[in-house]
Amino acid sequence: MFRNYFKIAWRNLWNNKGYSVINIGGLALGMAVALIIGLWMQDELSYNSYFSKKDRIAALFQSQTFNSETGTGPAIPRPLEKALRDGYADNFKHLVMSSWNESQYLNYEEKSLSKTGNFMQREAPEMLDLNILKGEKDGLREINSIMLSESVAKALFGEEEPIGKVIKVNSQYDMEVSAVYEDIPINNSFNDAEYIMPWEKYLSIRDWVRNAEDQWGNNSFQMFVQIADNTSMEKVTATIKDVKKTLNEDTAEFNPQLFLFPMKDWYLRGNFENGQQTGGRIKYVWLFGIIGAFVLLLACINFMNLSTARSEKRAKEVGIRKSIGSQRNQLINQFLSESLLVVFFAFCIAVLIVLLSINGFNDLSKKVISFPWGSSIFWLSALVFVLLTSLLAGSYPALYLSSFRPVDVLKGTFKSGKYAGLPRKILVVVQFTVSVAFIIGTVIVMQQINHAKNRPVGYDKEGLVQIPTMSQDFEGKYDLMRSEFLNSGAVVEMSSSSSPTTQIWSNRSGFDWEGKPEGFQEDLAWTEVSWEYAKSLNMKILEGRDFSREFASDSNAVLINQTAKKYMGLTNPVGMLIEDDDEEDPEPPMKIIGVVEDMIAQSPYEPVKQGIYVFDKHGNSSYYNLRLNPKQSASQNIAVIERVFKAHFPDIPFQYDFVDDEYGEKFASEERIGTLSGIFTALAILISCLGLFGLTSFVAEQRTKEIGVRKVLGASVFNVWNMLSKDFLKLVIISCFIAIPISYYVMNGWLQDYPYHVIMEWWIFVLAVIGALAITLLTVSFQAIKAANANPVKSLRTE
């Protein structure tokens, strides 16, 4: 019986090739979109699945309140380690202090590599359950040991045995390789941990780290924990939340609240606003999931519409089958078999489309997704996916066609009925409502990106290059290197800074100044810079002056930005003193010598943070900032700079970044979303147009004789075109009126996540309506004009 069902289904597809191509092609596109979004969602939702203990691992976070605004993050003070080990050890199976991810130069014989990693305590490899390929898991036992990832070990030693080999780090200290661990996959935290060195080594080489042992206000460290088997994240958080506030009165005014942030939430739910978790990338996972579902729905609507529209052509078939004894359930099975066959063919084509596009999708989304040929779960899911799509697309046509009365059909009195086309009209409205909403959403996303890109950045990022200088080899050589680079002709100005131009690495509090409000809790972005910082970045001095080597007193001078001036409540800031309120070891008073234009150093979608630029008298440089010679090409300048660099630092790899590229990375996530949204919107419109094209073809075919009569009676091509087009245009206009308020509501909510955002203008919605109507006219007009130009003699010859 089922064989017969599929044979008849195949015959119907073959006899109606045009409609079969539209149905299968539309479904294939819809299913391909759903498949590739499904693979992307699976990759996102499986983030950190490499770590077997991810449900028991957490990062220690803290929330602190400054002037009624609560900030949340993973930066914690070092004394918390001792406090938790001494008083709360029963809550933890492992407790691991860690540095932030750092870049180090690893040298072995003639090879020199720049790699990123962490200094971590001894329990880290066990807690993270690293897959040790060579050596031992307890690889951080000795202070001069280092654990390397598999790719780094291979890059340094080739096929040689790495265990026991001694490498030099930053040309300063020797480290012996104690273990090699499997590279952590890219869709996991710590995937950039290409080495791990002992925490004890960190203490021995960094004075400020050792000195931070009792500094409760120095939030410069990370802590990762694995909770004990007999407790939960919530219970541990409740136990430790007030530890910092209880043990240190100086920080109590900021109401520090500690909590455990589970590893499973780090990637997808890492956003906090005013102390509350507000989601994160998970919103994009659900957003694209909804897009995939809607695109597939559009394709299914095409199938439903075309199947029911051709109902009169199948009516006699149904009548004859029923008259010779077919039951309704058998007819339903027949039509569902046709649906299953169409969906099966569409799925095969969809898989081919995915295979052809997955590399491009990976480049666009910055993923490493491969087609899961060997996954039984995927193929089982695919089977369910095909069956569900078959039911979704075929259930309504099957129920509708199987309901025909054989007596009416065979007597020739069967008519579709006054409201028979209503469901099809509703489905067309749904299709174009989704398409128009997609158009509006995509335009607003791209507008938001361009709005932020066009925002003044406060400095000239073109022709500006950064070179990392975190190795001790650079200490005391700034003036020498500045002279060498300027004399080379490739650089017209140079400075140094304690953080990159596009980031803020340090925040400070604990200052006093004249007029400071009682109880005011300041939080200032802190950057230590050389004399020429503002000049090398082409920053605009709004008040006062820049740092100058001519004034010895400038070693205790500072620049502040516009936002800091407002934030601190200063009217005439130039000449005012900012004093350190640390009674035990105060810094000398700092004199404000100038106010600079606000510079975007964090997210371009958020307000600029209040910042202070302090003269670097301690040599805390982390970057050289080089202004390239505009009279020469960038490649020429870089080649000269590299020669000068290598002449002084032969064992250190030459690394540099163009600041405009680094700044552009701040838009990468939104740009990917915008591009993907644009692609999926285009596919949604294409699928909707395929369905509209098929319906127009059918209507033109159904009304062939009517068109012939009208033409004989004098109707023009325009009259016929207008008759066939106006009904579809009405449906699209209704769609626009539904889509506009929905898209406004959704996109307005999305924009509220960005303090600095575009205002939705009325013309966006008008443009979307005009675009939808134009697309509809183009789609409908082809068949309408073709029908209008047909010879009426051919359509009326049988009358």
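A salt bridge is a side-chain nitrogen of Lys or Arg within 4 Å of a carboxyl oxygen of Asp or Glu. The exercises below apply this to a predicted model, in which a search of the whole structure finds 35 salt bridges.

**Exercise 1.** Determine how Asp265 and Arg269 are paired, and state whether each is buried or partly exposed.

*Solution.* The closest N and O atoms of Asp265 and Arg269 are 3.5 Å apart. The cut-off is 4 Å, so the pair forms a salt bridge. Asp265 has a relative accessibility of 11%; buried means under 20%, and Asp265 therefore counts as buried. Arg269, at 29%, is partly exposed.

**Exercise 2.** Carry out the analysis for Asp129 and Lys137.

*Solution.* The closest N and O atoms of Asp129 and Lys137 are 3.0 Å apart, and the two form a salt bridge. The relative accessible area of Asp129 is 31%, which makes this residue partly exposed. Lys137, with 26%, is also partly exposed.

**Exercise 3.** Identify the residues linked with Asp479 in a network of salt bridges.

*Solution.* Asp479 is linked in the network with Arg482, Glu493, Glu532, Lys535 and Arg549.

**Exercise 4.** Describe the backbone angle phi, location and accessibility of Phe190 and Asn274.

*Solution.* Phe190 is not a glycine, yet has a positive phi of about 65°. Phe190 is placed in the loop between strand 10 (173-181) and strand 11 (195-198), and is buried at 11% relative accessibility. Asn274, likewise not a glycine, has a positive phi near 50°. Asn274 belongs to the loop between strand 14 (272-273) and strand 15 (276-277), and is partly exposed at 47% relative accessibility.

Definitions and conventions. Residues numbered from 1 in each chain as written. Predicted model: local features only at pLDDT ≥ 70, side-chain atom pairs only at ≥ 80, totals over all residues. Heavy atoms only, no water. Helix = DSSP H or I, 4+ residues; strand = E, 2+ residues; numbered from the N terminus. Buried < 20%, exposed > 50% of the residue type's maximum accessible area, 1.4 Å probe, protein only.
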